[in-house]
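Welcome, and thanks for taking a look at this one with us. Please open the structure shown here and keep it at hand while you read.

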Amino acid sequence: MVRKTSVRMTAIKEYPFDLSDLKNQNNDTRISRPTDQLSSNQVFTITPSAPSNDGKRKVSIMADEGSKDRENLPSERNGRVSAQAEGPSRRKSNLHNAMAAEIDTSWDRPAHIEGRYKKYSTTSSIYSKKALSHQSEHIERSWWYACCQKCHTEESGIPSWEPPHWQKICPYPLCPSYRRFAQNVSILLIGIMVWVLVWIILGDTAAPGGQLFMLAVLTIAAHFGGWLIMKVTTLPPLIGMLIVGIIMKNIGFVNFDADYQHVASYIRKIALTIILTRAGLDLDPTAMKKFFFTVIKLALLPWAIECGLCAVMCNLLLGLPWDWAFLLGSIFAAVSPAVIVPCLFRLREKGLGVSKGIPTLVLAVSGIDDAASVAIFGIVSSIMFSSASLTTNIIQGPLSVIGGVAFGVFCGYLVKYIPERNDAFLVPIRVLLLLTGGLMSVLGSEEIGWGGGGPLAVIAFAFVACKEWVEQGWELDDNPVATAFEIFWMFFEPMLFAITGAQVVIADLPPHLVLVGGGIIITCIVVRALLTSISAVRSNLNMKEKIFVGLAWMAKATVQAALAPVALDEVRKMSLDDETMTELTNYAEIIITVCIMSIVITAPLGAIVITITGPRLLSKTTKPPVLEGWRRSHRPSIRDISIIDEEEIAERDAEAEAEVQNSPPVSPVPTTTPNAYSTPNPVTVQPNHRT
């Protein structure tokens, strides 16, 4: 005789019950579904479970994987009963079940501010945020919805608290979360109060229309312009920063006087120091030692050809003298890690080119390339703007290079021993030593007339210091000093590119210069890409990878923005007659125009080419690497620099907890004071179910 029950078993998954309940019912229950109506595809499995505390053995009934009713069951991820379930399962509303699969992905939810394992209703901030975003399908498919969704990033940690009716006033994702909104308002209030204090102290220069006020507004606008370009187009933010500088100059908002042009020149020098320090910290000592000749060949040979080609074409087509032409060539031949690194991060995240170390190779070559550009620029500018004899300048050039490298190596070995490796303030002291040492090298070398030695000293200082720190136990891919300089770059990047863009007046640009300059730029980057692919002969790269490496080094941005206005600053310092001053100023403005055009053309083009050709030309590993350290994020936070190793403390706490769980029970001992850095063990209270 087949036992009959009023429970629709097809809607129950693993529901435990006692067999004695069925014995007590016997024939008193009514048949809700005849046996002959059961489908042949419906198979139920009775799975015995472990005996309970009262000695009774419980079983669970669930539909077979191949049954049709299995399709109507809730997903294993949610572990819920559908809305049609009757009997022991409490009926739930259609709205709750319709949104269940999208809201609660698991019963094991992280801790919430209002309690552990909290069930969210339609009035909850977390529920309503996502529920409102899925109300209608046509809204999700609209372009404005996709744009707003793209501008918001997922928040980690405790979900944001929201005041009542926040979602009705500011629905998600059209508006940010309350946490982000409150954070932005706090920053705005702090900025306003700081500006008022500076205005009181400095006077008219910080007032609206003043020079300092103009510089601050230009920097903030450039930051938001870069953010908008990055969010909407995924292009490097420096493109938006440069465009904002050009726009604000041509609408008449920016007009720096001589004093603030001097301040802008120092801002460019500080930014150059940060750029070169990051280039030195990005160099992999192991890769440089293993592939030294390959890196030098791929870096210097295409750089020299591009520099010479640019100088010849500028002399013949733009009428620049040979010294000015080579000065422009030395600036133009540098590539930009600021454009390459974000693109390589996305490719490495997908496991593209990792097997042969192409991201590391591209970064190493770009660092050597920038070092060569800055060194040659310093030597040529020292010869051009120095009052010493030509013989003295020729001898001084190689000596400045040797002296700069030697000074940088000495400082790098010095910071191996100072400060002591277990110092509580190790990270901030090392950051300050690198920053102040680099600034002293760049500014001091210009002061004594050895302009080519300072930038090389900065790169050598950072490279040797990073090498020694790695030998002491630091990870190359997760260097806190490198993270600090990335944060410095976040502040100086909008200032550098906005000030550089503010040098261009579109109405004053000769059409001949724009057309000829654009032709020179395109010709040089095409020739360099071909020469780089040819220079990769006798390497372990195949033909597709050689083509990608050649295309990866076409982007130009940081060095051009930092060095292009230097010649104009030097010309303004000279005491010359009006005719000579006008001629030299024209040459300097040609250099600025060509360099800015190279940024506008090659930076977005290089980012697009790397993004498109990477998946097609690079081989993909079966298991992409876990990016724990290598460029963990495009934009780091100040919280990434920590004096206390929180991961080590967490691992130590986890090991101690595992030992406690695996150890046999012991007699109670007196309570001791817990460790200051340890976290309390979670206590889980299971509810008592009455049968």
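Here is a short tour, from the whole chain down to single residues.

This is a predicted model. The protein has 691 residues, of which 42% count as buried, and its secondary structure comes to 25 helices and 3 strands.

**Overall picture**

- The accessible surface of the protein is about 38400 Å², and carbon and sulfur atoms hold 62% of that area.
- Among contacts with a separation of 6 or more, 75% link residues 24 or more positions apart.

- Rolling a probe the size of a water molecule over the atoms shows where empty space is left.
- Searching the whole structure turns up 3 cavities of 30 Å³ or more, and the largest cavity has a volume of about 50 Å³.
- Helix 15 (358-385) and helix 16 (390-417) each contribute at least two residues to the lining of this largest cavity.
- Lining residues of the largest cavity include Gly378, Ile379, Ser382 and Ile383, along with Asn393, Gln396, Gly397 and Ser400.
- Gly449, Trp450, Gly451 and Gly452 also belong to the lining of the largest cavity.
- Sorted by class, that lining has 9 polar residues, 3 nonpolar ones and no charged residues.

- Helix 12 (residues 292-318) has 27 residues, so at 1.5 Å a residue it should span 39 Å; its end C-alpha atoms are 37 Å apart, which agrees.
- Gly319 follows helix 12 and has a positive phi, near 80°.
- Asn315 lies in helix 12 and counts as buried, because its relative accessible area of 17% is under the 20% cut-off.
- Leaving aside residues up to four places away in sequence, Asn315 touches Leu320, Pro321, Trp322 and Ala325.

**Backbone details to check**

- Most residues other than glycine have a negative phi, and most peptide bonds are trans.
- Ile418 and Pro419 are joined by a cis peptide bond, with omega about 0°.
- Pro419 sits in the loop between helix 16 and helix 17 (426-448).
- His165 is not a glycine, yet its phi is positive, at about 65°.
- The loop between helix 5 (143-151) and helix 6 (166-169) is where His165 is found.
- Is His165 buried or exposed? His165 counts as exposed, because its relative accessibility of 54% is over the 50% cut-off.

Notes: Residues are numbered from 1 along each chain as its sequence is written. This is a predicted model: local features need pLDDT of at least 70, side-chain atom pairs count only at pLDDT 80 or more; totals for chains, interfaces and linings use all residues. Side-chain values use heavy atoms; hydrogens and water are left out. On a 1 Å grid over the protein atoms alone, a cavity is a set of points where a 1.4 Å probe fits but cannot get out, and a pocket is an open set with protein on both sides within 12 Å along at least five of seven lines; lining residues have an atom within 4 Å of a point. Grid points are joined across faces, edges and corners, and a volume is the space filled by probe spheres set on the points. Helices (H or I, at least four residues) and strands (E, at least two) are DSSP runs, numbered from the N terminus. Ala, Val, Leu, Ile, Met, Phe, Trp, Tyr, Cys and Pro count as nonpolar, Asp, Glu, Lys and Arg as charged, and the others, Gly among them, as polar. The expected span of a helix is 1.5 Å times one less than its number of residues. Buried means under 20% relative accessible area, exposed over 50%, partly exposed in between (1.4 Å probe, protein chains only). Contact means heavy atoms within 4.5 Å. Accessible areas come from the Shrake-Rupley method with a 1.4 Å probe; for residues, only the protein chains shown count as cover.
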